[in-house]
Amino acid sequence: MIREMIIEDYEGVFALWNEIEGLVLSSADSRANIAMYLDRNKGMSYVYEVDGIIAGTCLCGHDGRRGFIHHVAVKPDFRGRSIGKRLVSTSLERLRDAGIDKCHLFVLDDNIDGGKFWSGIGWEKRSGFAVYSRDTQQ
C-alpha cells in the first residue's frame with residue numbers, strides 16, 4: 001500500500017492536500033514544480049494507496065546536506081492507523097541511504113494537529129530562529 005510517489009499521482013495527491021486543514025499550498029505545488037521535485041529527489045517521496053485512492057502522502061527531498069519533509073497528509077478517515085508515521089519512516093530511510101543525517105520540516109504555529117502528530121512521533125520542536133521567505137520573481 002505504500003509506494004513511491006510518481007507524477008501521475010498528482011491529481012489525487014493535490015486533491016488530498018486540499019482536504020487537509022493546516023496544510024498550506026502555493027504556486028510551488030503546481031504539477032510542473034512537483035514533477036521537477038520528484039525527478040530531483042527520486043525515491044524519497046511516497047503515497048499510501050487503497051483501492052486506487054491516495055489516502056496518504058509524504059513529499060521528501062534533500063539539498064545534499066539536510067533532508068526536508070513537506071506535505072505529510074492522511075485522509076481523516078484513515079488516521080489512527082500509523083499511516084503518516086510509516087510514510088515518514090520510509091522517507092527517512094531513503095534519506096539515511098543517501099547519507100543525510102538530519103531532516104527538517106515546517107509546521108505553522110496554528111496547526112495544532114500537525115504539531116501534535118510530529119511531537120507524538122518523536123520530532124523535536126526547535127526554537128531560537130525564524131524562517132524568512134521570498135518569491136524569486138520579486
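Predicted model: local features only at pLDDT ≥ 70, side-chain atom pairs only at ≥ 80, totals over all residues.

Analyst: Residues are numbered from 1 along each chain as its sequence is written, and side-chain values use heavy atoms, with hydrogens and water left out.

User: Why is Met44 called buried?

Analyst: Buried means under 20% relative accessible area, exposed means over 50%, and partly exposed lies in between (1.4 Å probe, protein chains only). Met44 has a relative accessible area of 7%, so Met44 counts as buried. Met44 sits in the loop between helix H2 (31-40) and S2, where helices (H or I, at least four residues) and strands (E, at least two) are DSSP runs, numbered from the N terminus.

User: What makes Glu19 and Lys75 a salt bridge?

Analyst: A salt bridge is a side-chain nitrogen of Lys or Arg within 4 Å of a carboxyl oxygen of Asp or Glu. For Glu19 and Lys75 the N to O value is 2.7 Å, and the pair is listed as a salt bridge. Glu19 lies in helix H1 (residues 10-19) and Lys75 in the loop between S4 and helix H3 (83-97), so the pair ties together parts that are 56 residues apart in sequence. Glu19, at 43% relative accessibility, is partly exposed, whereas Lys75, at 15%, is buried.

User: Which salt bridge does Arg3 form with Asp9, and how far apart are the closest N and O atoms?

Analyst: The closest N and O atoms of Arg3 and Asp9 are 2.6 Å apart, and the two form a salt bridge. Arg3 is partly exposed because its relative accessible area is 26%, while Asp9, with 8%, is buried.

User: How do you know that S3 pairs with S2 and with S4?

Analyst: Two strands pair if DSSP finds at least two bridges between them. Strand S2 (residues 46-50) and S3 have five bridges in the antiparallel sense, and Tyr46 stands opposite Cys58 in S3. Six bridges join S3 to strand S4 (residues 67-74), again antiparallel, with Thr57 opposite Ala73 in S4.

User: What makes strand S3 mostly covered?

Analyst: In strand S3 (residues 53-62), eight of the ten residues are buried, and the strand is described as mostly covered.

User: Why is Asp113 called exposed?

Analyst: Asp113, in helix H4 (residues 112-120), has a relative accessible area of 57%, and Asp113 is therefore exposed.
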